[in-house]
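Here's a friendly walk through a protein model with more than one part to look at. Keep the picture open while you read.

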Amino acid sequence: MNLNIENLRCVRAGRTVFAELGVGVDAGEALILAGPNGAGKSTLLRILAGLLRADEGDARFGAVSLKEDRAEFQSHLLYTGHLDAVKPALTVSETLTFWAQIYGAPRDNVPIAVAALGLEKLADHHVRTLSAGQRRRLGLSRLALIDRPLWLLDEPTVSLDAESSARVAALARQRCESGGIVVAATHIDLAIPSAKTLDPAAFVAKPKEGIMNADDLVLSGDAW
Amino acid sequence: MGAFWTMVRRDLALALRTGGGGALGVAFFVIAAVLVPFGVGPKPDLLGVIAPGMLWIAALLACMLTLDRLFQADVEDGSMDLLALSPLPLEVTVLAKCLAHWLTTGLPLLIAAPLMAITLNMPGEAYVAMIASLALGTPSLSMIGAIGAALTSGMRRGGVLTAVLVLPLYVPTLVLGALAGNAAASGLDASPYLMLLGAITLACLPLCPLVAAAALRLALR
C-alpha cells in the first residue's frame with residue numbers, strides 16, 4: 001500500500017508551519033524528513049499519526065483516509081516519538097509484554113523484540129536502572145514487537161551509539177524491503193536506496209499575486 | 001477484553017511499586033478523619049452526628065490526592081501517545097485506569113472507614129449504610145475525577161486546578177453519601193440514598209470515560 005499526503009496545511013500558534021504539502025510514497029519506499037529545527041518534522045509526523053489535526057488536507061494509506069477514518073488509518077501505523085514511553089518501575093520484558101498485549105501482537109514477539117536491539121542481558125532489569133540509550137533502545141524495540149506496515153519515526157537514533165543506530169537503520173531497511181513504508185525524521189543515513197527526502201519548511205504558502213503591501217505602493221508612487 | 005485487564009494490571013503494578021498509591025490515600029484519609037475531633041473538640045454527641053459527613057469529606061479529599069497522576073505520568077513520558085494509537089479505544093483505557101485508581105484508592109478507604117467511624121463515635125446503626133454508601137459512591141469519585149485529571153494532564157502543575165474542577169462535581173455524591181449515613185443513624189431507611197448513589201455511579205460508567213478520553217485527545221495535541 002502506498003502513502004499519499006495531499007495538500008496538508010498546519011498552523012500552530014498563528015504561524016504557518018507548512019502549507020500545500022503533498023508527497024506520494026510507494027510501498028517499499030522511505031520518506032526522510034530533513035530540515036532545521038522547527039521545520040515542522042515532528043508536527044508532520046504527529047499529524048500523520050492522527051495525534052494532531054491538520055488545518056487542511058488529508059493523508060491516505062492505500063484507500064484509507066486519515067481524515068475520514070482515523071481509527072482505521074491508525075491501525076496500520078506505528079509511531080515512535082521523542083519520548084521513550086517506558087516506565088521506570090517495570091522490567092524490560094514486562095514493558096514489552098504489556099505493549100504486545102495492548103497492541104494485540106503475539107507474545108512470542110517479545111523475545112524477538114528484546115533481541116532486535118540487543119537488550120537480551122537486560123530483559124529482567126527494571127527500566128529505572130537503564131541508561132538513556134538503553135531506554136531509547138527499549139522504546140524502539142516496539143518496532144520489532146508490533147507488525148505494522150507504516151512506520152513514523154521521530155529522531156529514532158537520538159542518544160544511541162553507532163551500533164544501535166545501525167540496528168535501527170537495518171530494521172527500517174527490512175520494513176521497506178518487506179513492502180512497508182518508513183517516514184523518519186532523522187539526520188543519520190538509513191541507507192535505504194529508494195528514500196525520498198522532504199523538508200516540510202519548503203512548503204509554505206506563496207504570497208498571493210496581485211496584492212502589494214504598503215511599501216510597494218509608496219515606491220511605485222512616482223509612476224504617476 | 002484481555003487488553004482491558006492488561007491495562008488494569010499494569011496500572012496496579014505501577015501504583016504498588018512506585019508507592020504513594022493506595023497507602024498514601026488511606027493515610028491521608030485517616031489523618032483527615034482524626035483531625036476532626038481536634039477541631040470540633042471532645043464532644044462525643046456532636047462528633048457522632050457529623051461523623052458520616054466528615055468521613056465522606058475525608059474520602060473525597062483522599063480520592064482527589066491521587067488523581068493528578070492518573071494520566072499525567074503517561075502524558076509526560078509519551079505512553080499516552082502510544083495508548084491513544086493502540087487498538088484499545090481510549091475510552092476503554094480511561095475506564096481501566098479508573099478501575100485501577102479505585103482499587104488502589106477507593107477500596108482501601110472502605111476497609112479503613114469502620115475504624116475511622118469508631119474514632120468519630122458514629123452510631124452503631126449507621127455502619128452498614130455508611131460502608132454501603134462508600135462502596136457505591138467511591139467508584140464515581142474515580143470516574144468523575146478522571147475528567148478533571150484528563151483536562152489538566154497536559155499541565156505541569158495541574159494538581160490544584162484538578163481539585164478546583166472536580167470538587168464541585170463531587171457534591172451530589174457527597175450529599176447522598178452523608179444522607180445515607182445520617183438516615184441510618186436516626187433509624188430511617190437509607191436505601192433511597194444508596195440507590196441514588198448507585199445511579200450516579202452507573203451514569204458515570206459510560207459518560208465519564210467518553211468525556212475524559214475527549215479531554216485527553218486535546219491534551220495530546
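## The antiparallel sheet of chain A

Let's start with an open sheet in chain A, where 4 strands line up in the order β2-β1-β4-β5 with antiparallel pairing. Its edge strands are β2 (15-25) and β5 (64-65) of chain A, and each of these pairs on one side only. Helices (H or I, at least four residues) and strands (E, at least two) are DSSP runs, numbered from the N terminus. Two strands pair if DSSP finds at least two bridges between them. You're looking at a predicted model, so to speak of local features a pLDDT of at least 70 is needed, side-chain atom pairs count only at pLDDT 80 or more, and totals for chains, interfaces and linings use all residues. Residues are numbered from 1 along each chain as its sequence is written, while chains are lettered from A and ligands numbered from 1 in the order in which they are written.

Now zoom in on strand β1 (residues 3-12) of chain A, which runs antiparallel to β2(A) and is joined to it by 7 bridges. Find A:Asn4 and you'll see A:Gly24 of β2(A) opposite. Likewise, A:Val11 stands opposite A:Thr16 in β2(A). The hairpin of β1(A) and β2(A) has 2 residues between the strands, and A:Ala13 there takes a positive phi near 50°.

## The parallel sheet of chain A

Chain A also has an open sheet of 5 strands in the order β6-β7-β8-β3-β9, and here the pairing is parallel. The edge strands are β6 (77-80) and β9 (195-198) of chain A, each pairing on one side only. From one strand to the next, the twist averages 15°. (Axes are lines fitted to C-alpha atoms, for helices over the stretch in contact, and angles run from 0 to 180 degrees between N-to-C directions.)

Which strand is joined to β7 (residues 150-154) of chain A by 5 bridges? That's strand β8 (residues 181-185) of chain A, and the two run parallel. In this pair, A:Leu152 stands opposite A:Val183 in β8(A). Helix α7 (residues 162-177) of chain A packs on the sheet and touches β3 (30-33), β7 and β8 of chain A, with its direction at about 145° to that of β8(A). Touching means contact: two residues are in contact if their C-beta atoms, placed from the backbone, lie within 7 Å.

## Two domains in chain A

Chain A splits into domain 1 (1-76 + 149-157 + 180-210) and domain 2 (81-147), with bounds that come from an automatic or database domain assignment. Taken over C-alpha atoms, the centres of domain 1 and domain 2 of chain A are separated by 26 Å. Each domain of chain A gives 4 residues to the contact.

## A helix tucked away

Helix α3(A) is largely enclosed by the rest of the structure, because 9 of its 11 residues are buried. (A residue is buried if 20 or more other C-beta atoms lie within 10 Å of its own, exposed if 12 or fewer, and partly exposed in between; C-beta atoms are placed from the backbone.) Among the buried ones are A:Leu96, A:Phe98 and A:Trp99. What covers them? The cover of the buried residues of α3(A) includes α4 (109-116), α5 (132-140) and α6 (142-145) of chain A, together with α1 (2-18) of chain B. After α3(A) comes A:Gly104, with a positive phi near 65°.

## Where the chains meet

In total, 17 residues of chain A are in contact with 20 residues of chain B. Helix α3 (residues 92-102) gives the most to chain A's side, with 3 residues.

## Chain B, helix after helix

Chain B has 11 helices and 0 strands. Its radius of gyration is 18 Å, close to the 17 Å that the globule rule gives for 221 residues, so chain B is as compact as a globular protein of that length. (This radius is taken over C-alpha atoms; the rule is 2.2 Å times the number of residues to the power 0.38.) Along its principal axes, the C-alpha trace of chain B spans about 55 × 30 × 30 Å, and buried residues make up 52% of the 221 residues.

B:Gly78 follows α4(B), and its phi is positive, near 90°.
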